[in-house]
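Hi,

Here is the structure I promised to pass on. Have a look at it first, and then read my notes below.

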Amino acid sequence: MFMIINMLNNNDFVKDIGQRLKSIRKAQGLSQRKLARRAGVTNGFISQIESAKINTSISALKRVLDGIPIGISEFFSYQPESVDQIFFEGNELIEIGKGKISYKQIGTNLFRRDIQMLYEEYQPGADTGRVMLSHQGEEAGLILEGKLEVTVGDQRKILGQGDAYLFESHIPHRFRTPKNHNCIVVTACTPPSF
């Protein structure tokens with residue numbers, strides 16, 4: 001146990017814990033919000049662990065793991081599936097959110113990956129919501145088709161085919177399509193924090 005506590009202060013190990021937690025959480029089909037409710041912690045706390053922004057104590061980590069549920073030893077012995085696949089056909093993209101906005105992720109497992117890429121399809125009038133998004137990292141997008149209104153902080157612009165954006169994701173942001181437009185966007189987020 002003393003060795004684990006010392007390792008929790010190592011930056012690479014803190015990153016490993018975050019990636020490991022995110023991989024296990026997603027494998028269990030849990031959102032950050034749902035895991036936070038189960039564990040009795042804030043959504044922000046889960047987000048900070050997964051993005052390696054905080055060093056957590058063993059007791060706090062155990063509390064989070066109890067929400068999955070998974071024990072400490074099982075957590076540290078967890079081996080995610082292989083990340084060796086390089087090429088992906090269109091039907092191999094993983095749907096991670098469906099509704100008026102479809103998010104298809106490149107790769108099934110982002111464990112130990114530094115980037116997340118998505119193929120996003122917005123139906124007319126689709127909106128990420130009035131509560132603006134905010135998370136760690138940076139993100140970029142390229143509009144392939146249609147129009148997309150992008151709000152970042154106090155800046156807002158309607159982007160069309162061939163237009164792009166790049167910003168720090170901690171700045172509150174929102175995406176929506178005009179009522180009579182579809183939109184297709186390819187996005188990247190680093191680290192994977194969406």
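D66 and K62 sit four residues apart in helix 5 (residues 58–66), so about one helical turn separates them. Helices here are DSSP runs of H or I with at least four residues, strands are runs of E with at least two, and both are numbered from the N terminus. The side chains of D66 and K62 meet in a salt bridge, 3.0 Å from N to O. That term means a side-chain nitrogen of Lys or Arg within 4 Å of a carboxyl oxygen of Asp or Glu. Why can such a pair form at all? Side chains of opposite charge can pair when their charged atoms come close. Both partners count as partly exposed, D66 at 45% relative accessibility and K62 at 41%. (Buried is under 20% relative accessible area, exposed is over 50%, and partly exposed is in between, using a 1.4 Å probe and protein chains only.)

Before you go on, two notes on the source. This is a predicted model, where local features need pLDDT of at least 70 and side-chain atom pairs count only at pLDDT 80 or more, while totals for chains, interfaces and linings use all residues. Residues are numbered from 1 along each chain as its sequence is written, and side-chain values use heavy atoms, leaving out hydrogens and water.

By the salt-bridge rule, the count comes to seven. Which residue does R174 pair with? Its partner is D127, with the closest N and O atoms 2.5 Å apart. R174 is in strand 8 (residues 173–176) and D127 is in the loop between strand 3 (116–122) and strand 4 (138–146), so this pair ties together parts 47 residues apart in sequence. R174 is buried at 16%, whereas D127 is partly exposed at 30%.

Strand 8 also holds R176, while E149 lies in strand 5 (residues 148–152). The side chains of R176 and E149 form a salt bridge too, at 2.7 Å from N to O. Here R176 is partly exposed at 28% and E149 is buried at 13%.

Now for the whole chain. Its secondary structure comes to six helices and nine strands. Of its 194 residues, 40% are buried. Among contacts (heavy atoms within 4.5 Å) between residues at least 6 apart in sequence, 65% join residues at least 24 apart.

Happy browsing!
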